[in-house]
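Try each one yourself before you read its solution.

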Amino acid sequence: MGELNAAGGAGVKVEEKLFQNRYLVDAGRPHIRIKPHDTPSEGLLAMTHLCPAGCYSLGDGGQVEISADGCVECGTCRIVTAATGEIEWNYPRGGFGVLYKFG
Ligand code: SF4
């Protein structure tokens with residue numbers, strides 16, 4: 001993963017910056033759901049590599065799975081799968097989800 005520029009902290013890796021964030025899980029109410037599928041589209045499959053928070057994974061049966069804990073709400077998966085409609089994407093309820101810390 002790339003390095004941030006001086007504005008983000010020279011020499012600080014993206015993973016280290018993401019680790020500074022906090023996340024409040026809304027237990028039992030994930031804000032992103034993948035619709036049942038047998039074979040994922042190319043876009044959905046690509047999310048196992050594209051999601052900056054690593055929320056997507058490939059299950060043993062070849063279906064894409066998500067654990068939305070740690071989602072940074074970037075919207076990449078929403079855009080990538082917009083044409084196929086494979087995911088339901090909502091913002092977390094108020095008070096839940098990512099808490100950004102920029103210090
Ligand atoms: S919104 Fe961004 S961080 Fe959240 S699951 Fe989708 S790609 Fe990952």
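Two residues are in contact if their C-beta atoms, placed from the backbone, lie within 7 Å. Keep in mind that this is a predicted model, where local features need pLDDT of at least 70, side-chain atom pairs count only at pLDDT 80 or more, and totals for chains, interfaces and linings use all residues. Residues are numbered from 1 along each chain as its sequence is written.

**Exercise 1. Find W89 and work out what it is in contact with, leaving aside neighbours within four places in sequence.**

Step 1: go to strand β5, residues 87-89, where W89 is found. Strands here are DSSP runs of E with at least two residues, helices are runs of H or I with at least four, and both are numbered from the N terminus.

Step 2: list the partners. Once the sequence neighbours are set aside, W89 is in contact with I32, C77 and R78.

Step 3: check one of these pairs. I32 is 57 residues away from W89 along the chain, yet their C-alpha atoms are separated by 4.6 Å.

Step 4: count neighbours. W89 has 16 C-beta neighbours inside 10 Å, so it counts as partly exposed. The scale calls a residue buried if 20 or more other C-beta atoms lie within 10 Å of its own, exposed if 12 or fewer, and partly exposed in between, with C-beta atoms placed from the backbone.

**Exercise 2. Decide whether L44 is buried or exposed.**

Step 1: find L44 in helix α2, residues 42-50.

Step 2: count again. There are 22 other C-beta atoms within 10 Å of L44, so it is buried. Of the 103 residues of the protein chain, 14% count as buried.

Step 3: name the partners. Not counting residues up to four places away in sequence, L44 touches V64, T81, T84 and E86.

Step 4: The largest nonpolar core has 8 residues, among them L44, V64, C51 and C77. Such a core is a set of buried Ala, Val, Leu, Ile, Met, Phe, Trp, Tyr and Cys residues joined through C-beta atoms within 7 Å.

**Exercise 3. Which residues are closest to the ligand?**

Step 1: pick out the closest: C51, C71, C74, T76 and C77, out of 13 residues that surround the ligand. A residue is near a molecule if its C-beta atom, placed from the backbone, lies within 6 Å of it.

Step 2: sort the shell by class, which gives 10 nonpolar, 2 polar and 1 charged residues. Here Ala, Val, Leu, Ile, Met, Phe, Trp, Tyr, Cys and Pro count as nonpolar, Asp, Glu, Lys and Arg as charged, and the others, Gly among them, as polar.
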